[in-house]
Amino acid sequence: MAKKQTADILTLLPKNSAAYERNGGIYFLGDSTHLLASKDFAALRGRVNLILTSPPYPLNRKKSYGNLIGEKYLEWFTSLAPIFSDLLTEDGSIVLEIGNAWESGRPVQSLLHLESLLGFVRHKGAGLRLIQQFVCYNPSRLPSPAQWVTVNRIRTVDSFTHVWWLAKTDFPKADNSKVLRPYSNSMKRLLKRGSYNAGKRPSEHVISEKSFLNDHGGSIAHNLFEMDALDPEREVRLPNIFSMANNASNDYFHRECKKRGITPHPARMPLGLASFFIEFLTDKGDLVLDPFAGSNTTGYSAAATGRYWVGIDVQDFYVQQSLIRFDHQDSFERGASI
Ligand SMILES: C[S@@+](CC[C@H](N)C(=O)[O-])C[C@H]1O[C@@H](n2cnc3c(N)ncnc32)[C@H](O)[C@@H]1O
């Protein structure tokens with residue numbers, strides 16, 4: 001969508017009830033389920049290129065930010081599908097990051113997140129499909145579920161989140177050449193040498209003499225994000241966009257919260273994850289929405305990469321702390337065009 005058109009859409013939103021506006025985006029305080037289905041937000045229908053969000057996780061016990069539990073969660077989550085689908089452009093995408101859930105008081109995983117995915121994708125009024133699943137492995141997550149991992153020591157640390165990419169068509173806008181991984185050292189050597197052993201591999205793949213000799217600037221990203229090395233002998237090669245995003249600007253938010261005595265949002269999305277999907281699935285000037293924006297990792301990443309953004313969160317405390325991100329103006333050099 002042309003930049004001017006996207007900017008015009010934002011002017012049609014009820015700006016006088018916005019919590020704040022920064023760097024091509026608007027943050028609203030409120031319940032997104034109600035706001036997004038209301039007349040006030042009708043201007044967004046069919047205009048959002050990417051809904052990128054980490055919804056409240058399905059928990060079997062309430063957390064500070066008010067998650068629903070059990071069947072109620074499933075019903076609520078499923079009801080979001082037609083609302084989100086209605087907001088998307090025809091080639092737009094929805095990306096949901098969600099953690100595992102565990103049965104209350106039992107060392108057993110809940111199926112709730114999987115049922116939620118099925119309910120969401122199969123909702124008849126939404127016309128969605130699962131485009132691809134990703135796994136985000138995060139070694140710095142605290143050991144959980146704590147009772148079973150650290151006290152009884154009968155389970156291992158639950159250390160990854162699911163990332164589900166959904167769309168209304170089989171061919172949503174996407175370009176993996178925008179999110180390349182750096183080449184491995186062996187690939188760099190191979191490109192330098194200009195030759196390798198062609199022929200049939202044990203896997204039956206037939207490798208031609210030239211197939212690996214073109215330098216594409218990096219290799220194609222995988223659907224597992226390994227934030228630290230699983231194997232210490234091997235370098236971690238996250239897409240370039242992760243290393244860009246996980247630089248000082250990421251620490252900035254955390255450092256500033258600490259300095260100002262603010263407890264940072266407990267379930268922040270990795271900044272690199274947000275930037276990865278924004279770069280992969282949208283163009284500069286497109287519109288990115290996060291209906292459960294919390295500390296506004298999504299809005300900040302969108303702004304830093306030259307996209308427009310809309311965020312919504314029901315907790316004023318998180319809306320206010322998210323402003324800290326926009327104090328780090330160095331981040332906006334790349335996306336300064338908005
Ligand atoms: C997992 S957190 C999102 C964190 C965010 N991705 C970040 O990086 O900081 C989920 C957020 O959803 C918000 N939330 C829960 N129910 C909501 C609702 N009905 N409408 C809007 N926000 C809601 C919570 O306040 C919480 O901040």
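Which residues in H3 are buried? They are Tyr-73, Leu-74, Phe-77, Leu-80, Ala-81, Ile-83, Phe-84, Ser-85 and Leu-87. Here, buried is used for a residue with 20 or more other C-beta atoms within 10 Å of its own, the C-beta atoms being placed from the backbone.

A word on the model before we go on. It is predicted, and local features need pLDDT of at least 70, side-chain atom pairs count only at pLDDT 80 or more, and totals for chains, interfaces and linings use all residues. Residues are numbered from 1 along each chain as its sequence is written.

**The chain and helix H3**

Of its 338 residues, 36% are buried. Helix H3 covers residues 70–87, 18 residues in total, and reaches 27 Å from its first C-alpha to its last, close to the expected 26 Å. That expectation is 1.5 Å times one less than the number of residues. The buried residues of H3 pack against H2, strand E3 (48–53), strand E4 (88–98), helix H4 (112–122) and strand E10 (287–290).

Eight of the eleven residues of E4 are buried, so E4 is largely enclosed by the rest of the structure.

| Strands | Direction | Bridges |
|---|---|---|
| E3 and E4 | parallel | five bridges |
| E4 and E6 (residues 160–167) | antiparallel | six bridges |
| E1 (residues 18–22) and E2 (residues 25–29) | antiparallel | four bridges |

Thr-53 stands opposite Leu-96 in E4, while Ile-94 stands opposite Leu-166 in E6.

**The nonpolar core**

The largest nonpolar core has 67 residues, of which Leu-50, Ile-51 and Phe-277 touch the most other members. Such a core is a set of buried Ala, Val, Leu, Ile, Met, Phe, Trp, Tyr and Cys residues joined through C-beta atoms within 7 Å. Beyond its neighbours within four places in sequence, Leu-50 is in contact with residues including Gly-92, Val-95, Phe-277 and Val-288.

**Around the ligand**

Among the 21 residues around the ligand, Met-269, Phe-292, Gly-294, Ser-295 and Thr-297 come nearest; a residue counts as near if its C-beta atom, placed from the backbone, lies within 6 Å. Helix H2 (32–37) and strand E11 (308–313) are the elements giving two or more residues to this shell.

Notes:
Pairing = 2+ DSSP bridges. Buried ≥ 20, exposed ≤ 12 C-beta atoms within 10 Å, placed from the backbone. Contact = placed C-beta atoms within 7 Å.
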